[in-house]
Amino acid sequence: MGADPKLTALGQVPLFAHCSRKELEFIARQGDEVEMPAGKTLTREGRPGDTFYILLEGEAEVKIGAKTRRVLKAGDFFGEISMVDRGLATATVVTRTDARLFVMSHAQFRDAIKSHDALMVKVLRAMGERLRADLAGAGR
């Protein structure tokens with residue numbers, strides 16, 4: 001992907017794996033990289049969600065209610081459900097380790113998705129997979 005570490009990182013995220021360099025450059029311009037310490041709450045279940053996150057380095061824990069549902073690793077993303085429906089966060093996400101994240105506000109996310117139909121389909125597919133997995137897990 002060239003020398004730009006942000007483009008390299010975004011290109012390794014499954015959500016963006018089939019994007020061209022030009023599309024990745026556009027997406028990279030839409031968001032920001034941030035570093036967070038371990039133990040930082042990024043989203044809180046039941047609270048308004050206004051940020052889309054991609055974990056570039058580190059780990060984060062996803063909890064619904066008191067149950068840990070999954071551990072996110074580099075390349076995983078979250079916050080997309082609130083980006084699409086402007087609703088409340090469906091889970092609490094807390095960094096388990098120091099982490100580097102790519103973040104987009106709702107407006108930044110909307111602009112990136114509107115420009116790339118295939119990306120919207122990938123986001124919607126990922127949302128469906130997660131919701132089904134969470135529903136299956138709730139039945140246990």
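**A chat about the fold and Thr43**

Colleague: What share of the 140 residues in the chain is buried?

Modeller: This is a predicted model, and in it buried residues make up 41% of the 140 residues in the chain.

Colleague: And how many helices and strands are there in the chain?

Modeller: The chain has five helices and eight strands, and if you read along the sequence they follow the pattern α-α-β-β-β-β-β-β-α-β-β-α-α. The radius of gyration is 14 Å, close to the 14 Å that the globule rule gives for 140 residues, so the chain is as compact as a globular protein of that length.

Colleague: What does the C-alpha trace span along its principal axes?

Modeller: The spans are about 45 × 30 × 25 Å. As for contacts with a separation of 6 or more, 72% of them are between residues 24 or more positions apart.

Colleague: Now Thr43: which strand does it lie in, and is Thr43 buried or exposed?

Modeller: Thr43 lies in strand 2, which covers residues 41–43, and with a relative accessible area of 13%, under the 20% cut-off, Thr43 counts as buried.

Colleague: What does the side chain of Thr43 reach?

Modeller: The side chain of Thr43 reaches the backbone oxygen of Ala91 at 3.1 Å. Leaving aside neighbours within four places in sequence, Thr43 is in contact with Tyr53, Phe78, Ala89, Ala91, Thr92 and Val93.

Methods:
Residues are numbered from 1 along each chain as its sequence is written. This is a predicted model: local features need pLDDT of at least 70, side-chain atom pairs count only at pLDDT 80 or more; totals for chains, interfaces and linings use all residues. Side-chain values use heavy atoms; hydrogens and water are left out. Helices (H or I, at least four residues) and strands (E, at least two) are DSSP runs, numbered from the N terminus. The radius of gyration is taken over C-alpha atoms; the globule rule is 2.2 Å times the number of residues to the power 0.38. Buried means under 20% relative accessible area, exposed over 50%, partly exposed in between (1.4 Å probe, protein chains only). Contact means heavy atoms within 4.5 Å. A polar contact is a pair of N or O atoms within 3.5 Å; within protein, one must be able to donate a hydrogen and the other to accept it, and residues adjacent in sequence count only if both atoms are side-chain atoms.
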